[in-house]
Structure formats: C-alpha cells, structure tokens
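Subject: A structure for you to look at

Hi,

Here is the structure I promised to pass on.

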Amino acid sequence: MAKKQKQRGSLRGEEHVEAAAAAPHEDAPAPNAEEEAAAQGAGGAGSEVEDGRSADAASGGVEEGKEEEAAAAEEEEREVTFDELGLDEQLKRALRKKGLTKTTPIQREAIPLILEGKDVVAKAKTGSGKTFAYLLPLLQELLKLCKDGRIRKSAPNALILVPTRELCQQVYNEASSLLELCTSKLKIVQVTASMSDKDIKLALSGPPNILVTTPACVAACISKGIVQGSSIKESLSMMILDEADLLLSYRCEDDLKALVPHIPRSCQSILMSATSSPDIDKLTKLLLHNPFVLTLTEVGHAKDDVVPRNVQQFWIKLPPIFCPQISCSAKDKMLYILSLLKLELIQKKVLIFVNSIDNAFRLRLFLEKFAIRSAVLNAELPQNSRLHIIEAFNARLFDYLIATDDNKTKEAKQTNKESKKDSKGPRKHLQQTLDAEFGVVRGIDFKNVFTVVNFDMPPNPAGYIHRIGRTGRANKTGASISLVSPEEEDVFEEIEHMLQDVEKKDTNCILPFPLLTKNAVESLRYRTQDVARSVTSRDIQEARRQDVKNEILNSEKLKAHFEENPTDLDLLKHDKLLTNKSIPAHLRDVPEYLIDPTTKEASNAVKLSRAAMGLDNPRRKKRMGFRSGSGKSSDPLRTFSAEGKSRGRRGKEREGDDRRKRRKAEI
Ligand SMILES: Nc1ncnc2c1ncn2[C@@H]1O[C@H](COP(=O)(O)OP(=O)(O)OP(=O)(O)O)[C@@H](O)[C@H]1O
C-alpha cells in the first residue's frame, strides 16, 4: 500500500523518480490484464497509476483499503492548477487567456507523465478533459524542440490520430486556438480523406509540426507517396491516438498496421480512451512500448469510472402493446418524447439519439407539427453542414438536435451498397453515399447539452456510454432519459448490468423518470396518434432528400462565407421548417385543461431551475455575442457576395440592387 500511495503522490512531487523508474522504452514487462484489474479494484476513489512492476501494490486488507481510499480522496480533492505542472510560460498564459486555471484529474495525472517522456495509456470518462491532457505536453515538447533548434523538418513532428473527421476538426480547433494564444510559430494542419491529393500535398508542404488526421488518411498519404515513410521515421517524435476505443471500430486496424514500420522507436506514443475494451489492449500492443496505464475514476467518490457522477440517468419503459407492427412502439415513443418536450419536463439543450436517418426525419417532422423545431445530424449530410450544425447547436441557436450516432447502422450499409450499385447508371433518387469517416457524435464536445434522450436505445453498452457522455462534460450537470420499448429490454438490461458491474453497485444506476405521470402522457395520446399517422414514409423520404439537397447547395457557400465572417454563425438555420403548412393552435400550445396538476408542478420546477441556472435570460444571447434579428437582409446565404468586403458608396448601391434582384429571383 505504501508503494501505491507513493505512486499517487509521486505524480505531483519529488518521489516521482522512484515510482516511475521505468524508462519510456525499457523492455520491462507490460502490466497484464489481471494485474491491472486487481489494481483498479483495490484503488477505490481517485486515480491509479501502474507500470509493469507495481501491480502487486494492489493487495492488502480491508482496513488498509479504507485507509488508502481516505488518503487518496484527500489527496485527490486537493485542487491542482496548471501552474503547478511545470508547463511552459507561453502555455500557461494561453490557458489563463482561456480562463482555465484548475486541472481536471486526468490532466493533473497525465501531463507530468507525458512530460517525462513516458508512453501512456490514459482511460478517463467522457468529458473529463482528455484533449488538453495530451495537447498541453505535446505543445510543450514541440515548443522546447523549437527553442533548442532541434526540430526535424522532413515530415510532421507530431501525429494526432482520431477516428472521424469531426474529431479532426475539433482537435485542430483546440490546438490552433492554444497555439494562437501562445503566439507560437508552430504549424498545425488537419487533413482528411475528403480532401483532394493536391490539397493534401499543399497542406503538408512545409511540412507542418503537427498533423491531425485519421488513420485511413495517413495510410493513404504514405501509400500514394504524398508523405515518405522514411521522412516520418526521421521526424516523428510524438504520436497520439485519441478516442482510441473507437479507432478500431472505424476499421482502422490495417491502416494503423501500415503505419507501424514508419514510426521511429524513439517516438513517444499516447493512447486516450473513454472506455476499456480489448481493442485498447490490441492497440497498446501494436503501438506502445511498456506504457504507464492510467485509469481515472471519480475524485473522492466511489468507483464509477464510466458515466460522469454529475449525470443523472433515467428510464421510461414503454408498456407492451398488443400489436404485430413494430411501428406501434415507435408511435408510442413519439407520444413520450412529445410529453417530455411539450410539457417542458426536461432541461434544454437536448440531444436526441435515434438509430436510423428515417427515424430522425420522422421525429423531426412529427415535432415540427407541434411547433417544436429541431435539426437532424447524420452521415448523409456534407461535412461542412455537419460541422456548422454542431457549431450552431453549441452556440445555442437551437435547442433540439436529433442525431444518428454512427454510420454502421443496417440502413447505412444498405445505402452505401445501393449507391455503389447505382454509381454507373443514372440515379433515380438523390441518394448520398454515407461518409465512412462520419462520427458526429462520439467524442464530439457538444457544449452545454443538459439532456441526452435515447429515443432509440443504442445497440450496446459502449454506445450508451458514449451517448450519455455528451452531457455532464467538464463537471457540468446533466441528465439522460432512455425510452425503452419492450423490444429493447434486453439491451437495456445489458447496459444496467454493465453499469452495476463497473461501478460495483448493487442498486440500479438508471432510475425511473419521476416527472412524467400516466395522466400527462394519456392527455396527449389522442392528438399524437393523429399527427404521427400523418407523417408518411413519403414525407420522410421527401424531407430527407430536401434536407440533403439544401445542405449541399448551402455547403460551399457557407464554407466561403464563414471563412470570411466567422461571427455570422447565428444566421444559420439548420432547424428550418421542413414543411410550410401553418401549425394549428391546438397543436402549437397544449391547452391548460389537458395538463394535470402534478405535471404542471413538475414543469414549473424544471422552469424554475432553468431560470436559476440563468438559462432564460434574454440578455445572455447578447452577452454571448449573438446578433439580434434574423431577417433576410442579414442572412449570409442571401447577402452572400463574391465581391468580398471592399465596398464604396457605389459598391454598396450596386450591392443593394443586386440583393433586391436576388430576392426577387428567390421569391
Ligand atoms: N481544466 C479544465 N477546466 C475547465 N474545463 C475544461 C478543462 N479541461 C477541459 N475542459 C473542457 O471540458 C470539455 C470536455 O473536454 P474534452 O473534449 O477534452 O473531454 P474528453 O475527455 O476528451 O471527452 P470524450 O471522451 O467525450 O471525447 C471541453 O469543453 C473542454 O474545453
């Protein structure tokens, strides 16, 4: 035990030398799974750090375990600032400018280890700040190499590999903003498979110091000779595998294997993950050398190392209905989600997960008929649109986002197969190929999502954890509600068991949602059934086609416009109505007489807590830098001009005329 405590303390102090005696690439045995599990089980609250020699420290009596837990809790509750981690002054300044002073547990544990040059496998729950945990030491290392004039320049010095394009963009944004605030000359680029070879060559000319990309893209660059394997071998000093638990599920294994021969032995490798899985072990063996395995649990609390403690999880089980068609439970789900949203029983912003694109549009059309606007995020949309939808949602331009969370649904496979089959002949429908590098949801840092709703249950527990992880990020509070139909009971049980197992709890971690009464649901049943019936498959296909068409048209214009006017994001209207029929008053507002007193009370309580959190203050939008008004005159898609910004009086007059002409044409 003493050894273990030393190890904990060591990460922040002088005892580190003893605990972390293994050199980064020494051939000491790596910890095996049993040792790792034993050490995790004994640790209780806080973090655990292991190297190949320390797993025996996990043994000890119950008393010792308690003492250790208390000591660890005390130690962990001490807040550690970024200033205490020995970071470069430039980085500390950048963090201060970002308003970040205190580290999260994964940051305070991982940063010193990475700064020491160790290979690290870090497992910490969703939203716990893993990105800065590797970005800060990575930038520190490169700044140092730059200052010492030791930077090798035939290829990138650092490689950040992520499973999806959306994550490429997110990591690129975080790193670029840090570099900007550091006023550093380090160059960072992102390249993805959607770029042409010419653009990739251009981006990599220089070459950049940091390359953010996907394994598929980097493997393609090597095989096409855009990047020479020998240059990588000469220049690469650090490699990060972010969201590593997802990398293999994006069929990246072969691409990573193709990269292995070009990684120099001296390269420091870091693997970040939100969940444990055999895939992580596989990747660790493939790419890391005798790594430290860092498993972070909740600070000062009992083990709950998968779902953040500040997220309350609820279920609503749909009663079995005697009906041979599956669509019966789908319609019932419509009733439940309408009750939750219309009776205002959940906090906004809300992220709603469905398992197919059709379901997403069915739900969007259905909600629209009750004057509830939402946007749909899916693999069919062009990448620019997907990024804009995420940014607009993050900026609170709309409150409800319906998302399909990956591209491996049955529907997706089918669509891709069909579009391949059709690719030679004329296409009957506007059918988009689904983006193989799509993954808008997993790992994406949605800002201030309060509630995650599983309209459809995810296919497995890992999917559940990643979905729920979109709320409760950076220690914010959040809630999740899973609508469980009788057909989904099995997967729900699997999820419950997994949570009980990993969190070592006898009681259920997911509780029945207490605010929705049977009366409240039944009061809306009649009109829900009517409206749900009116959303036909044809409407769904039409809405889907229309949405893709609009987004493709907008995509290029938006890209150019927002490059010039980044503050105009508020004018995006991804939650535009799909139909132009007016909404009858009885569907727009729920009549008072339909709402039972208990529900009214619950709804008021939700509104009060919303107000208490300052979410209803209209001035908030102004403070956040949003423009008021969204008239046509300020819509970038309507005022977009290829002439750019240089406009004298005559230019403005001409532009006014053009705009009038354009409007006429649109009308
Ligand atoms: N020290 C900090 N203090 C406050 N906020 C932080 C800190 N570090 C990171 N954050 C914020 O926390 C949020 C989540 O961080 P990040 O995306 O790195 O989490 P993650 O662990 O990678 O999550 P996931 O596994 O879901 O990808 C981000 O909005 C980030 O800006």
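Let's start with the records: UniProt lists residues 80-108 as "domain: DEAD-box RNA helicase Q", in an unreviewed entry. The "short sequence motif: Q motif" annotation, also from an unreviewed entry, covers residues 80-108 too. UniProt positions are given here in the numbering of this chain, feature names are shortened, and annotations may be inferred rather than shown by experiment.

Before you go further, keep in mind that this is a predicted model, where local features need pLDDT of at least 70, side-chain atom pairs count only at pLDDT 80 or more, and totals for chains, interfaces and linings use all residues. Residues are numbered from 1 along each chain as its sequence is written, and side-chain values use heavy atoms, with hydrogens and water left out.

Back to residues 80-108: that stretch is 45% helix and 0% strand, and its end C-alpha atoms are 7 Å apart. Helices (H or I, at least four residues) and strands (E, at least two) are DSSP runs, numbered from the N terminus.

Now the ligand. It has 23 residues around it, and the closest are Gly127, Lys130, Thr131, Glu243 and Asp445. A residue counts as near if one of its heavy atoms lies within 4 Å. By class, this shell has 5 nonpolar, 9 polar and 9 charged residues. (Ala, Val, Leu, Ile, Met, Phe, Trp, Tyr, Cys and Pro count as nonpolar, Asp, Glu, Lys and Arg as charged, and the others, Gly among them, as polar.) Helix 7, residues 130-147, gives the most to the shell, with 3 residues.

Which side chains make polar contacts (N or O atoms within 3.5 Å of each other)? In Thr131, a side-chain N or O atom is 2.7 Å from an oxygen atom of the ligand. Gln107 has a polar side-chain atom 2.8 Å from a ligand nitrogen atom, and for Lys447 the distance to a ligand oxygen atom is 3.2 Å. Taken alone, the ligand exposes 640 Å², and the protein buries 88% of that (Shrake-Rupley method, 1.4 Å probe).

Next, look for the open sheet: 7 strands in the order 11-12-10-13-14-9-15, with parallel pairing. Two strands pair if DSSP finds at least two bridges between them. Strand 11 (375-377) and strand 15 (510-512) are at the edges with a single partner strand each, so one side of each has no neighbour in the sheet. Further in, strand 10 (350-354) and strand 13 (451-454) pair in the parallel sense over 4 bridges, and Ile352 has Val453 of strand 13 as its bridge partner.

Finally, some backbone details. The peptide bond from Gly206 to Pro207 is cis, with omega near -20°, and Pro207 sits in the loop between helix 9 (197-204) and strand 5 (210-213). Another cis peptide bond joins Lys348 and Lys349, with omega about 0°.

Cheers

Terms used
Polar contact = N/O pair within 3.5 Å; in protein donor to acceptor, adjacent residues only side chain to side chain.
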